[in-house]
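Please open the structure in your viewer and keep the selection tool at hand.

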Amino acid sequence: MKAQLLVLGSSVASVLAANACPPSDCSKAPLKNNKVCDRSLSPTERAAALVAAMSRDEKIVNLVSKSPGVSRLGLNCYNWWNEALHGVAGAPGIDFDGNFKTATSFPMPILTAAAFDDDLVFRIASIIGQEARAFGNNGKSGLDYWTPNVNPFRDPRWGRGSETPGEDVARVNGYTEAFVRGMEGNKTQRQIIVTCKHYAGYDLEAWGGVDRHNFNAKITPQELVEYYMPPFRVCARDMNVGSFMCSYNAVNGVPSCGSKYLLQTILREHWNWTSHNNYITSDCEGVADLSRGHKFSPSLAAGTAAAFNAGMDNSCEYSGGSSDIKGAVNSGALSEATMNRALTRQYEGLVRAGYFDSSASQYASLGASHVNTDAAKKLALQSVVDSVVLLKNNGTLPLKAGAKVAMVGFWADDKTKLRGGYSGPPPYLITPVSAAKDLGLTVTTASGTSADAYVSAGQKSDIIIYFGGLDTGAAAEGKDRTSIAWPSDQLTIIQRLSNLGKPLVVVSMGDQVDNTPLLSNKGVSAIMWASWPGQEGGSGIMQLITGKKAPAGRLPVTQYPSSYTSLAMTDMNLRPNTATKNPGRTYMWYPGAVQHFGYGLHYTSFEASFGEDVPKSLAIEDLVAGCDLKTFKYLDKCPIPELKVSVKNTGSVTSDYVALVFVSSDDAGPTPRPIKQLATYGRARDIAGAGSKDVTLKWTLANLARHDAKGNMVLYPGTYNLTVDVQGLTTRKLVLTGKEVVLDNWPAA
C-alpha cells in the first residue's frame, strides 16, 4: 500500500477526508426489493441475488476497492480499503470527523508481541474491532479492515517489520489467532472482516535495485512451508478469516496475485478456505505489477484477467488505472462468470458482517460511546507496561525517589513520534516528559537535538534519561534500512552524556539497532526498548523507570550486529550457506546475535523447573491414535500433554515472568537442524518476591514437527531437549519413539 498515505497517521484524515460511504439501507426501495435484504436466505444466496441484478458494466466498475455501488439498485458506494494495524488508522475508506475524530492508539504490533501474552493481544484486538465497527455503523468506514500484517520479520532491515509480531513462527501464529479472534468477534456475524496480509513471502520494500513491485522471492518448498506460510495457515484453515490480501512480490517466478497455486491450490483447496466464500484483495496497485513490474503478463488487461482468474476478487487502487477490467472483459480473457464469483465473494463478506441488516445486525448497537472508552485507555497503558523490554541494567533502575532527572533526546517530549506507522489520530498522546511531571519528578529538559543543550541539562541533574533510536523516517513502507547500527550522531551524544559520570538510561525507539557500543560502555547504566508505544507511551515507560511497575517484556526479534547487512536482502534462505555467504537468519539458524530473541531483564531474578508430570517419553503412534480428529480436524493441531513450568521469584520485587520453552534436537529430522525453536510460551503475572507460580503451557504436534525437502510436515522420532528461557534456566529431555508420521502432505507447485 502507498506509504505516503498510511504512515503519516493523523494527517491522513485530512488528506483522505469524506471518502467513507453511508451503509446501504435495506429498509428503503429500491434495495429492499432485492433478496440481498432477505435475512431468511443464506449469505451466499443473498450476495448472489445482488450480483445477479447488476449489468455487466455495473459489475466491471465494482471490482475495485473504491466501489461506486449501483444507484439504480439502491446499493451505495463502498470503500473496501480500511486500516487498523494497532488502532483505527488513516485510510481511503475512513473519515475522522464528527463524533469520530479519534481512535485508541495501541503500541505497534512488534512491541505488543514482546509481551508474549495472547490474551493481551485478544483484548487489544477486541477493542480495535469494537471501535472499527462503531466507525462502520455510522458511515465513517467500511466493515472490512486490511489488517493484520502476519509476514514473519525475516530481515532486520525490512521497513515494515514493526507492523508484524516478530521473527518467530510460533509467536506470529499465536498473535495472529488472538488478533483475528478479537477483531472478528464471537457472534455468528463478523464484527469486522479481517484481512490477513501480505500473502506470501513478502518482506522487502526496496534494496539493491530491486523493489517489492518486481521482486521474485525464490523460496525452497521446505522453508516456504515451515516459515513463510504458517501464519496464513492459521488465518485460513484454523480461523476462517474473512479476507486475504495477495502481495506485490512474486514467489518462485509467479506474482502472488496471479498465482493459482497460492490462491487456489493452497489457500482455498489445501487449507479449505471456502466455507464462507471469502474474498481476496490485491495489495494496492498490485494488479499492475503482473505486467509492469514482473513482466508476467503482456498487457495490463492480460494481467488483470490473470489475477481474477487465479482467484483474486478485488483490485485495490489509489485512483484508478492500475487494472484494466473492462479491457480484460472485452478481450474475452475475463468472463462474466469469474466477475460474478468475485463480486459474490465480496458481498457475501458484507452479508456475513450484517452490513445489509441495519438495526438487526448483531453489532448494530456499537457507536461513538464505544470509542476511546476508559477500558481502552487503561488497556493502552497496560500494553506498554507489559511489552517494553529491559536490555541492560546495572542497578540504576528503578529510579531512586527524589532524584533530579534530565530527560533529553528527539522524542523525550515530542508527541508526534509515539505512534509509528499505519496510525490514526488518538484522543491524546502522553510523552515521557509529560508523564514524569505528572508523577511529580523534578525534570530538566532540552529542546531540539543539540548535544550541548543535552549535556547542560545533564549537568544540572542526578540522572540522565536519553530518548533515542529511530523514528519512522528510518524505516517504513517503501523504505528498507541500509544500516542497523546506532546513528553515529546519537552515539556521539550518548558518549558525551556518559562522560558526565552520572547514571545514564537510554530508551530506544523504533526497530532494533546494534547495541554493542552501549553494552560495552560502562557509562551507559541501562537500556530499554520501547518501539513505537502509542498514546500511553510516556506513561507506561515512566511507570517502569520509576518502579511503579516491573519490566517483563522479551525481544520478539534477534538483535543482529551491524555487519549483518552484508547479506543480500533478496536471499530468502534461512539456513546458513557458506557458498552464498549466508550466515543464517533468525535465532533458529544464526548464532551470533548481539541480544537474542526472547531476551529481557527484570528488576528481580527467577528460577524455573519443569513439573514432575512432564513426560520423559512419548510414543508417536499413541499421540496420533489418541487424537480426536472430529475435534481438531488436522493432525498437526493434535495436543501434546501440557507442560507445567514452576517459576520462583528469588528476588524481592513483584514481577511478571514470560516462560519461553525452546526445543532442539541433535538427531530428529533432516539436517541441518535449527539451533533451537520456540515451542510454546506463556506469561505468569504478579509473582511476589520469594513467591512461586505455575505456568501451564499448551502445545501441539506441530510444535515438535519439522518439514522435509518437499514441504511435508513430519513428526520425527528422536531426543528433544526442552529448555526454559534464553539463559537455559532448566532443561528436560523428551524422547519420541516409533516411526515418523507425516502430519500434512504439502501440494507440489
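A pocket here is found on a 1 Å grid over the protein atoms alone, as an open set of points where a 1.4 Å probe fits, with protein on both sides within 12 Å along at least five of seven lines, and lining residues have an atom within 4 Å of a point. A volume is the space filled by probe spheres set on the points, which are joined across faces, edges and corners. The model is predicted, so local features need pLDDT of at least 70 and side-chain atom pairs pLDDT 80 or more, whereas totals for chains, interfaces and linings use all residues. Residues are numbered from 1 along each chain as its sequence is written, and side-chain values use heavy atoms, without hydrogens and water.

Select A170, N173, A679, T700 and N703, which lie nearest the centre of the largest pocket, among its 44 lining residues; about 1,100 Å³ of space lies in this pocket.

Next, select Y199, F244, Y347, F356 and V507, which have the most contacts inside the largest nonpolar core, a set of 196 residues. Helix α6 (residues 118-137) gives the largest share of this core, 9 residues. Such a core joins buried (under 20% relative accessible area, 1.4 Å probe, protein chains only) Ala, Val, Leu, Ile, Met, Phe, Trp, Tyr and Cys residues through side-chain atoms within 4.5 Å.

Finally, colour strands β13 (residues 404-408) and β14 (residues 442-445), which run parallel and are joined by 4 bridges; strands pair if DSSP finds at least two bridges between them. K404 has T442 as its bridge partner in β14.

Conventions. Helices (H or I, at least four residues) and strands (E, at least two) are DSSP runs, numbered from the N terminus. Buried means under 20% relative accessible area, exposed over 50%, partly exposed in between (1.4 Å probe, protein chains only).
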